[in-house]
Amino acid sequence: MSTTSNVASEFTEKRIISSDSHVCEPTAAYAQIDPKYRDNRPVLINHEGLGPSFQIPDFAMPIPLMLINAAGREPKDIQNFKLKLEDLEAGGWDSAERLLAQDRDGIGAEVIYPSIGMVLCLHQDIDFKVACFEAYNRWLAEFCERDPQRLIGIGQAAVRTIEDGIRELQAIKALGLRGVMLPGEAHVEDYDHPCYDPFWQAAIDLELPISFHILTSRADNLGKSDKGRGPKINTFMQVIRGNQDIMGMLCFGAVFERNPQLQVVCVEADAGWVPHFTYRMDHAYHRHRFWLETGAITRPPSEYFYENIYVTYQDDFSATDKADDRLLKRIMWANDFPHSDSTWPRSQEVLREMVGDLGQAQRDWILHDNVAQLYRLDA
C-alpha cells in the first residue's frame, strides 16, 4: 500500500525527495545468500570494543554500526561505541520506522542506497560479491514494498562479466528497484572500455540509471593516514576523488559519446566542485588533447557532464551560491540518513539557508523535479 507524506514545506508545493539516503543493513539483508556462502556471510555481531558491528568475511576489522547510523548525533558523540542497538535509529532497517523518520525530517521520499554494501564493493572475491549483492537486492525490494512511492530502492550489481552484469540489471528491474549502483572499480576492463557498451545499453533499455557512490573505490582512503599525508582528518578530503575520477573517465573516455542516453549519478561527492571541474576538463580538451590521450569525443567534455551526469549533495552551500541553471538542473539534494553526514532531522533548517534565495523553479529542480525525472517517479 502506498501513502503520501502529509508534511508541508515552505520551499516547494511538491514533495521533497532525498536523492541519497541509506539503509543500515540487518543480518536479514544477507540471510538469503547463495547456500555456498551461508556459513560465511556478512553478519551482525556484538564486538567487545566496537559494540554492534557488521563482520565481513576476509575483512580484518568489523564495521561499527555507530559510524553508519549516526544521524542527528552531536559530532563529539559520533564515535560512541558504548551505544547499544536499541540506541540507534531503527529507521535504518525498519521500513515502518523509516517513514516516520521521513515525516520528522519534512521529506516525502528517499532514494535508498546500502551502507555495508558500500564496503562490500571493495571485496576482492567477485563471486562472493555477486552473492552478497543478489541477497541484498532481494531484501531491499522487500524493505521498499511497504511504500514504493516513498522508498525508492537502488540495487547493486557486481558485473563479473558483461553478460552476468546484464542479467543482474534484468533481475534488479524485475524486483522493482529503480536504479543500479556499481562498485567504484570495475572487475572486467575499466568502465570506459567499449566492452561495457552492451551493459550500458541494457541499463538504458531497462530505464535504470547507473550510480557511483563515494567510498567504493580504493582511492577513497577515509581514515587510513598510513597512505595519506598529515593527520587522519586530512583523508576526509580524499573521499570524493574516486568519484571525480570516474566522472572524468566517462566523459573523456567517450562513454557518453557512444551511449548518449546513459544517465549516471555521482552520489554523495558534493556538487560545488562541478563548475571548476568541468572548466578544467574543457581546458584540457582544448589545450592538450593533441598530445594527451583522450577517447573519441567530438564535443567538449563539459557538455557530456551536463547532459549525462547528475550529482547529489547534502549541505554543500557552494553548490547553489551563484550557480547557473545548467548546474541546478543536474544537482539533487539529499539528507544522507542515517549516516554521520546526514542533515536529518534538521534538513528544513539547512534547506532554508541553502535554497531560500533561489527562484521557485530552481527549488523545485533541486528538491523534486531532477530526481523525479531521473527515476520516472510519480509526482
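# Notebook: strands, cysteines and a buried serine

I began with strands S2 (residues 43-47) and S3 (residues 51-55), which run antiparallel and are joined by 5 bridges. I take strands as DSSP runs of E with at least two residues, and helices as runs of H or I with at least four, both numbered from the N terminus. Two strands pair if DSSP finds at least two bridges between them.

This is a predicted model, in which local features need pLDDT of at least 70 and side-chain atom pairs count only at pLDDT 80 or more, while totals for chains, interfaces and linings use all residues. Residues are numbered from 1 along each chain as its sequence is written, and side-chain values use heavy atoms, with hydrogens and water left out.

**Entry 1: the sheet.** I looked at which residues face each other. Val43 stands opposite Gln55 in S3. Ile45 stands opposite Ser53 in S3. I then checked the turn: S2 and S3 form a hairpin, with 3 residues between them.

**Entry 2: the whole chain.** I found 13 helices and 11 strands in the chain. The C-alpha trace spans about 60 × 50 × 50 Å along its principal axes.

Of the 379 residues, 54% count as buried. Buried means under 20% relative accessible area, exposed over 50%, and partly exposed in between.

I also looked at contacts, meaning heavy atoms within 4.5 Å. Among those between residues at least 6 apart in sequence, 71% join residues at least 24 apart.

**Entry 3: cysteines.** How many disulfides does the structure hold? I found 0. A disulfide here is a pair of cysteine sulfur atoms within 2.5 Å. Cys24 is in no disulfide; its nearest cysteine sulfur, that of Cys144, is 15 Å away. Cys132 is in no disulfide either; the sulfur of Cys121 is the nearest, at 11 Å. Cys24 is buried, since its relative accessible area is 0%. Cys132 is buried too, with 0%.

**Entry 4: Cys251.** I located Cys251 in helix H7 (residues 241-252). Cys251 counts as buried because its relative accessible area is 1%. Leaving out residues up to four places away in sequence, Cys251 touches Phe256, Met281, Ile297, Pro301, Tyr304, Phe305 and Ile309. I also checked Leu120, 131 residues from Cys251 along the chain: their C-alpha atoms are separated by 26 Å.

**Entry 5: Ser302.** Is Ser302 buried or exposed? Ser302 is at 4% relative accessibility, so I wrote it down as buried. Ser302 sits in helix H10 (residues 301-308). Not counting residues up to four places away in sequence, Ser302 touches Thr278, Met281, Asp282 and Arg326. Met281 is on the list for Cys251 and on the list for Ser302.

Terms used. Buried means under 20% relative accessible area, exposed over 50%, partly exposed in between (1.4 Å probe, protein chains only).
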